[in-house]
Amino acid sequence: MASEGDVRARLRRAGQEHLLRFWAELEPEPRAALLAELAPLEPDALREHCQLAAAAYARHPDPRADLAARLQPLPPDRLGSASRSDTETRRRWEEEGFRQIALNKVAVLLLAGGQGTRLGVTYPKGMYQVGLPSQKTLYQLQAERIRRVEQLAGERHGTHCTVPWYIMTSEFTLGPTAKFFKEHDFFHLDPANVVLFEQRMLPAVTFEGKAILERKDKVAMAPDGNGGLYCALADHQILEDMERRGVEFVHVYCVDNILVRLADPVFIGFCVLQEADCGAKVVEKAYPEEPVGVVCQVDGVPQVVEYSEISPETAGLRGAHGGLLYNAGNICNHFFTRGFLEMVTREFEPLLKPHVAVKKVPYVDEEGTLVKPLRPNGIKMEKFVFDVFQFAKNFAAFEVLREEEFSPLKNADTSARDNPSTARRALLAQHYRWALQAGARFLDAQGAQLPELPCLLPSGDPPAICEISPLVSYAGEGLEAYLRGRELQSPFVLDEDQARLLGPQET
């Protein structure tokens, strides 16, 4: 391990020697921990990181300046739609997606490095339960969707196939996630096909360009954003692992979307048949000011433009058919070919510009007292996973229905949106719709038939609680065999045991 003298010299070169200012007060164990954290920080890179953060904060230009004239919506031939396409086209996309899955050419990659700060928990978001009858966590729902899509592809093509699950964690989430998966027997997935790896961490920086000490023996570190994926792929030889397994196509998604369809055959098939090297799922924006990034073109190049970068006038523009001109909302749900990811890690990653996130960062003051600031006091530099769209030779976007595929879990229930209650309702409402479409009827306690959606209760809940295990149905398929003609009462949970009990009916 590096000595105090070595580390002090490196910090002096980086202009960050203040990080050892409490050295004399520390016991041997905290000293060793601090040295272990500081030793990997390369002096020139640390100096550049801190200077870049301070300079980027000081510039603070109006992000909307001159952007309106450079924006264009995506060309129609680059945009597919799950809901606006005819049945035959959808079937062709789905069949191609299942074919690639059956050939073991598809992997999923989960971005799970963030802390659940806004959600108000001290553990990784994937371990969160939103209050479903089954008490399943986000990780369990996702694992079961992988198992089901493998099963569906295998049945169609008479083969045994595998969708490897790569999970990018951070310093905060790696240990708890690994422990959680082991405790739950990897949710009956083969542990060899669940690959955890860690993204890099970067120091938080003051507005003056100094790395922040959050304790006397610890630097305030933060994950380098979900765009840290590309460095992490190289750091841990993940693309080489994919090549060994024969993986050609990678579905990348964010941990907090309870409705996410992992290795979605329709999306995979659409992108493959479009010969896309890079793709993005989008949802139609609910209203012009909705705070989601927009997938569009800037100077003719595909890009995600953050909502804060678009003026209200531009956001409100309407197209020829009356809908919003810039309505392709980004949901952090992407398709990449392995070849494209290899090219990004090899050539383009250094060209990605970090984004400035101004945060409230706890720190120790000159006397060594912990301070929890009431206002933002630090800068975290992040890269975004979608920053690479600009390098795609053949970019495609795919519009899906929000109620079927997007309900993010970001905030605690004290917030009005994107909270545990809205995520739970979105899933239960979807499953209620699936059951009705399969021919089931729901009765109240007096035996009267309950209404169909969209008649929600004043609380926003569906008329009955219905949860369907991903192990029984991935996207609403195959439910007629169990539910047609059934009269059900709330709460109703259709898991594997219940499906066996009901038994397939003749249809």
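Me: What stands opposite Val106 in S11?
Reply: Phe249 does. Keep in mind that this is a predicted model.

Me: Which strand is joined to S11 there, and how many bridges are there?
Reply: Strand S3, residues 106-111. It is joined to S11 by 6 bridges, and the two run parallel.

Me: What about S15 and S11, parallel or antiparallel?
Reply: Antiparallel. There are 5 bridges between S11 and S15, which covers residues 328-337.

Me: And the bridge partner of Val252 in S15? Which residue is that?
Reply: His334.

Me: Which way do the S11 residues point?
Reply: Phe249, His251 and Tyr253 point one way. Val250, Val252 and Cys254 point the other way. All of them are buried.

Me: Switching to voids. How many cavities of 30 Å³ or more?
Reply: The count is 1.

Me: How much space lies in the largest cavity?
Reply: About 100 Å³.

Me: Which residues lie nearest its centre?
Reply: Arg145, Gln430, His431, Trp434 and Tyr474, out of 15 lining residues.

Me: Which elements give two or more residues to that lining?
Reply: Helix H5 (138-157) and helix H13 (420-437). H13 provides the largest share, with 4 residues.

Me: How does the lining divide into nonpolar, polar and charged?
Reply: The lining of the largest cavity has 9 nonpolar, 3 polar and 3 charged residues.

Notes. Residues are numbered from 1 along each chain as its sequence is written. This is a predicted model: local features need pLDDT of at least 70, side-chain atom pairs count only at pLDDT 80 or more; totals for chains, interfaces and linings use all residues. Side-chain values use heavy atoms; hydrogens and water are left out. On a 1 Å grid over the protein atoms alone, a cavity is a set of points where a 1.4 Å probe fits but cannot get out, and a pocket is an open set with protein on both sides within 12 Å along at least five of seven lines; lining residues have an atom within 4 Å of a point. Grid points are joined across faces, edges and corners, and a volume is the space filled by probe spheres set on the points. Ala, Val, Leu, Ile, Met, Phe, Trp, Tyr, Cys and Pro count as nonpolar, Asp, Glu, Lys and Arg as charged, and the others, Gly among them, as polar. Buried means under 20% relative accessible area, exposed over 50%, partly exposed in between (1.4 Å probe, protein chains only). Two strands pair if DSSP finds at least two bridges between them.
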